[in-house]
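Hi there,

Here is the structure I promised to pass on to you. Have a look at it first, and then read my notes below.

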Amino acid sequence: MMKAHRKELWFNTESRRKLINITALIEKELEESNVLEGLILVNAMHITASVFINDDEVGLHSDFEKWLEGLAPEKPYSMYKHNTYEDNADAHLKRTIMGREVVVAITKGKLDLGPWEQIFYGEFDGKRKKRVLVKIIGE
Amino acid sequence: MMKAHRKELWFNTESRRKLINITALIEKELEESNVLEGLILVNAMHITASVFINDDEVGLHSDFEKWLEGLAPEKPYSMYKHNTYEDNADAHLKRTIMGREVVVAITKGKLDLGPWEQIFYGEFDGKRKKRVLVKIIGE
Amino acid sequence: MMKAHRKELWFNTESRRKLINITALIEKELEESNVLEGLILVNAMHITASVFINDDEVGLHSDFEKWLEGLAPEKPYSMYKHNTYEDNADAHLKRTIMGREVVVAITKGKLDLGPWEQIFYGEFDGKRKKRVLVKIIGE
């Protein structure tokens, strides 16, 4: 009998952009699911945010900020057609580069991650409540 | 007993590049699968096309077009080594940014999407028949 | 009864950057798993490498190299804050564009790939042993 476990994680960042390590929150959901072998999907439920896997290193996070601003600048707002009633077109583009979701293997009841792999929530249009979906499927 | 459902969706766009909202087509496949809990994989079967999740807003789609042309211009064709017998190197690169696939949770028989999440087929080298694969796994 | 199969594939490239077609290695794991219907996750276990799907064409691979160097140059190392004790910040960014993982459908015991889809390991900080995880879930 296949097991399914679902959880929404809520975030409300104080700044427009922020990277938050959510690995421990995901491990907690995996534990509650009692799934030993399977797959876990973690995805942003909003289209101006990302879930991705990379290094928890402050210098790299600073590099990500500068790099994404170079590839998809926040301003001038007028450079984007999406920004008629909004100002977050850049956040849609930044999240596209960083990705919407990760799928992680579950092995012997643990997240099957490499030595430096950490799961992050990437917020690119914050200062309001937004959600991440955790869905676990397995046995 | 795990259920599996498979469907190919065919597209033939009139323009080289086009974004098509396929959310309703995916919902139809989910309904036919009778899966209540599981995962759905939707991927481009061609390497110059994308399946991605973002907003169904015409201004944003125009921003995507301009942005992708800036990051991976179609022309001059001679700037790419892939374009000896082809002219679609830019489409391989654009699809890389937009992504090949999405994995979406299935909860209580529905696509478990956030409020603005819509599933798109992104064509970057159209004017011919191309396919998207829908694979549903669950119970 | 759901089946699960897990394998680590090891790579040690002679150059800093290299693209390796691993499709045959993944097919071999699928065969060993005896899974007929399901999903296969293939992901880099390191955060400066990628698993992605694209064309096995040498001109395109040259285009990828030039394009990624344009979007996230290796040098000067001093342009990245991550490079205090390391020199691989560019590899973290390149892998972000190329993606960490692919999820592929399994249908009738075969990888359900389109006509030109090939699975690649993308190394962006090589010359040392690194791993790819293959996880198969299905029946």
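**A helix residue in chain A**

Leu30(A) sits in helix α1 of chain A, which covers residues 23-33; helices here are DSSP runs of H or I with at least four residues, strands are runs of E with at least two, and both are numbered from the N terminus. Please keep in mind that this is a predicted model, in which local features need pLDDT of at least 70 and side-chain atom pairs count only at pLDDT 80 or more, while totals for chains, interfaces and linings use all residues. Residues are numbered from 1 along each chain as its sequence is written, chains are lettered from A and ligands numbered from 1 in the order in which they are written, and side-chain values use heavy atoms, with hydrogens and water left out.

Is Leu30(A) buried or exposed? Leu30(A) counts as buried because its relative accessibility is 3% (buried is under 20% relative accessible area, exposed over 50%, partly exposed in between, with a 1.4 Å probe and protein chains only). Leaving aside residues up to four places away in sequence, Leu30(A) touches Val35(A), Ile106(A), Gly109(A), Lys110(A), Leu111(A) and Ile136(A), where contact means heavy atoms within 4.5 Å.

**Confidence**

The average pLDDT of chain A is 97, and 100% of its residues score at least 70; pLDDT is the predictor's confidence in each residue, from 0 to 100. For the complex, the predictor gives an ipTM of 0.97 and a pTM of 0.98.

**Where chains B and A meet**

On this interface, 32 residues of chain B are in contact with 30 residues of chain A. The two chains bury about 2500 Å² between them, with 60% of it on carbon and sulfur atoms; this is the accessible area (1.4 Å probe) that two parts lose on being put together, summed over both.

Between chain B and chain A there are 3 salt bridges, each a side-chain nitrogen of Lys or Arg within 4 Å of a carboxyl oxygen of Asp or Glu. Glu117(B) and Arg100(A) form a salt bridge through their side chains, at 2.7 Å from N to O.

**How the copies are related**

Chain C superposes on chain B by a rotation of 120° with 0.0 Å of shift along its axis, at an RMSD of 0.0 Å (least squares on the C-alpha atoms of residues with pLDDT of at least 70 in both). The two copies are therefore related as by a three-fold rotation axis. In chain C, the C-alpha nearest the axis belongs to Ile97(C), 3.5 Å from it.

Best wishes
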